[in-house]
Amino acid sequence: MSAVIPYISKPHPVTGVTNAKFGIWLFLASEVMLFGALFSAYIVLRVGAETWPLGSEYLSVPWAFANTVVLITSSLTMVMSWAALQMNNFAKYKKYMGATVLLSFGFLIIKYIEYSAKFHHGYFPANNTFLAIYFTMTGLHGIHVLGGIIVNGYLLFPGSKMWHTEPERFAGRVECAGLYWHFVDLVWIFLFPVLYLL
Amino acid sequence: MSSHHEEGFIRKYIFSTDHKVIGIQYGLGAMFFLLMGFGLMLMMRWQIAFPGKSIPIIGKFLTQDGILSPELYNQFGAMHGTIMVFLGVVPMAVGAFGNYLLPLQVGAQDMAFPKLNMASFWVFFVGGLVMLYSFLLPGGAAQSGWTSYPPLSNIAPAGQTAWLIGMVFLITSSLLGSVNIIVTAVQLRVPGLSFFRLPFLVWAQLVTSFLLLLAFPPLEAAGVLQLMDRVFGTSFFMPSGLVVSGQALEVAGGGNPLLWQHLFWFLAHPEVYVLILPALGIVAEIVVTNTRKPLYGYNTAVYAIVFLGFMSFIVWAHHMFMTGMGTAMSAFFQATTMIISIPSVIVLTVLLLTLWGASIRFTVPMLFALAFLPMFAIGGLTGLPLGLTASDIYLHDTYYVIGHFHYVVAPGTLMALMGGVYHWYPKVTGRMFNKTLGKLHFWGTLIGMNGIFAPMFFIGMAGVSRRLYDSTIYEMARSVQPLNVIMTYSSWLLAAAQVLFLINIFASLRKPKEAAADNPWEATTLEWAAPTPPLPHQNFAEPLEAYRGPYEYNTTSREFAPSTYRRPKPCQR
């Protein structure tokens, strides 16, 4: 016994979106406010600081650049997986979604290498405000990547059964996960220049 | 819908996905926390009125001599604010009223995301448990005020960390809830129920949810930063060269304590409107039903609250005039604060003009709604001197501020919520409450609340600071000390009135169900078209369609007979 809720797989005729897609956009709006607040905090702290180190004094620009490439590629494979579903090619979907999850793990591994190098050099969040904001923002972003891996992993293995019963709804789920994943990607596109290059 | 297999107790009442059960869960949880926050306040009020005397009966459970210690006073103060705002009023106004009524008022069978709805309640529950647990930690609960200003909060005992973790849970819960409410209100309206046919309460919940959605994340960010400060020793909010108790703190420094205040008030000012908007919506529903008239200027009121929601994001620093952030900033926020008072006045005027020319039914909920109007007006108008920089310099951080915002939230929002409980009680339970007890509750509440909060303006204008454990140590506060005693006695009256309330709503459940209780107030909105109580997971017996606006009362012209009017003779057979 459960309630009948319209517009789960078909879009609403007036708004043109499904419930889930509307919901994910609202969620992303709140995420923009979350990271927006942190970027604002960064600006306030930096403007008020007597000295502010150049990012590359502490951080490794090549590793971060590699990570940027990894994350953008994963966004690409994410779109390809959704496109494969639109073309009714489930095997291709599995391949691209698998690649997305693998690339996300690659991002976290590189992040792990970076973090351990910092700790090895004795760079900790308590050292100064620059390192504090670096660890906080990249850490929070890392948690978001982890969340994306969990969702995408679910859609890759147990959740993909839905394709055989409700294909339209499943494609909708992949699309929503994709929107989230592009957002996570976008946050990194801002983090990379702000923390490493400026 | 024909599958009628019974759900087990746990699925039906504990981990339910039915918006009505979740709404009641929120309501009971919020009621528990409201009473708890009130209990903390009763103990603080004893100490303020009779400093250094041991609290009767319960005092010996708190401390050895029964006197509320300064540390406990600070904890109770911080937790009273936190509990009342984040665990009491918001879960009641948005969690309980929003969850229960919004799907019914738009004609939906449930919220758009029922499982997410259940998750949001249980995340709230965990947040509440963390907050309660913090009282048991060494050093006690958070004690830096509900605003948790650093650097004080950064060096406070462990309870502050629990406060931050609890807040992260509560923020997440509000976030999930607000996404659900917005999607439900926009996507699940029945055919014919266009945006300008929505009941005003739905509009109020919609705007409220946008505020929760967009204003809460910055506090989450601030909470994460303070957690980093406390757990990993960073210095986001710690300036260089900080000396505590004669000892230099061993932190890197370079942080900015004002940053916390900006992030905090960026949430906490919209939060004020989160507290008041659902109350305005509830009052509007009660007023139109009992005046038998359409809402005077419905469209104007809707545009006003949308504008109010937008403006509430650019007034936050009027809480910070005294921080030395500069005259240009202060002037800007003073101007926006004056502007935001306009839409609130518009909504209040709309409600007042609805009363004009009405033949009012003085039901119990209507008494609460009628009392709300002047109480909210007092709360709003006393806010103007605080929004103007010149007068704020004198009034800042005095009891005047406490009086102002309590008039908005306690005799304002809380009385609207109580009226709402009475108004929808017959729909939720299928029974009518006891009207005499309801009226006694109303008068006790009205007199008690005014007895508590009106003297605060005078104490505040006498210059008494809001944070004093024992204000009689100051000469100028001793002359107004008798007012503090009156306030404490009033708080007992208020407590006694709430006992009547609890007896009424729980004892009335034992009455037999009334057959004709589907629409006892003869109201027009969709929730009254549902069976009583609305069907589980379905709400309505059959699909609905809306053909009219929300408040079409007295649509036929009124009958009247002038003296010169002669009744026509009956036709001869």
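Author: Let us begin with the length of a helix, whose expected span is 1.5 Å times one less than its number of residues. Please keep in mind that this is a predicted model. In chain A, helix α3 covers residues 61–86, and its 26 residues should therefore span 38 Å, which agrees with the 38 Å between its end C-alpha atoms.

Reader: Which residues of α3(A) are buried?

Author: Here the general idea is that an α-helix has 3.6 residues a turn, so residues three or four places apart point the same way. In α3(A), the buried residues include Ala64(A), Asn67(A), Leu71(A), Ser74(A), Met78(A), Ser81(A) and Leu85(A), and Trp82(A) is also one of them. The elements that cover the buried residues of α3(A) include α4 (90–120) and α7 (167–197) of chain A. After the helix comes Asn88(A), which has a positive phi, near 65°.

Reader: What is the secondary structure of chain A as a whole?

Author: Chain A comes to seven helices and zero strands, and its C-alpha atoms fill a box of roughly 60 × 35 × 30 Å along the principal axes. Of its 198 residues, 34% are buried. If we take the contacts between residues at least 6 apart in sequence, 77% of those in chain A join residues at least 24 apart.

Reader: Where does α4(B) bend, and by about how much?

Author: The bend in α4(B) is at Pro91(B) and comes to about 50°. This helix, residues 70–106 of chain B, has 37 residues and reaches 50 Å from its first C-alpha to its last, which is close to the 54 Å expected. Because 33 of its 37 residues are buried, α4(B) is largely enclosed by the rest of the structure. Just after the helix, Gly107(B) takes a positive phi of about 80°.

Reader: How many residues of chain B are in contact with chain A?

Author: There are 39 such residues in chain B, and they are in contact with 33 residues of chain A. On the side of chain B that touches chain A, the elements giving two or more residues are α6 (159–187), α7 (200–232) and α8 (257–291) of chain B. Among these, α7(B) gives the most, with ten residues. Sorted by class, that side of chain B has 23 nonpolar, 13 polar and three charged residues.

Technical notes: Residues are numbered from 1 along each chain as its sequence is written. Chains are lettered from A and ligands numbered from 1 in the order in which they are written. This is a predicted model: local features need pLDDT of at least 70, side-chain atom pairs count only at pLDDT 80 or more; totals for chains, interfaces and linings use all residues. Two residues are in contact if their C-beta atoms, placed from the backbone, lie within 7 Å. Helices (H or I, at least four residues) and strands (E, at least two) are DSSP runs, numbered from the N terminus. Ala, Val, Leu, Ile, Met, Phe, Trp, Tyr, Cys and Pro count as nonpolar, Asp, Glu, Lys and Arg as charged, and the others, Gly among them, as polar. A residue is buried if 20 or more other C-beta atoms lie within 10 Å of its own, exposed if 12 or fewer, and partly exposed in between; C-beta atoms are placed from the backbone. The bend at a residue is the angle between axes fitted to the seven residues ending there and the seven starting there.
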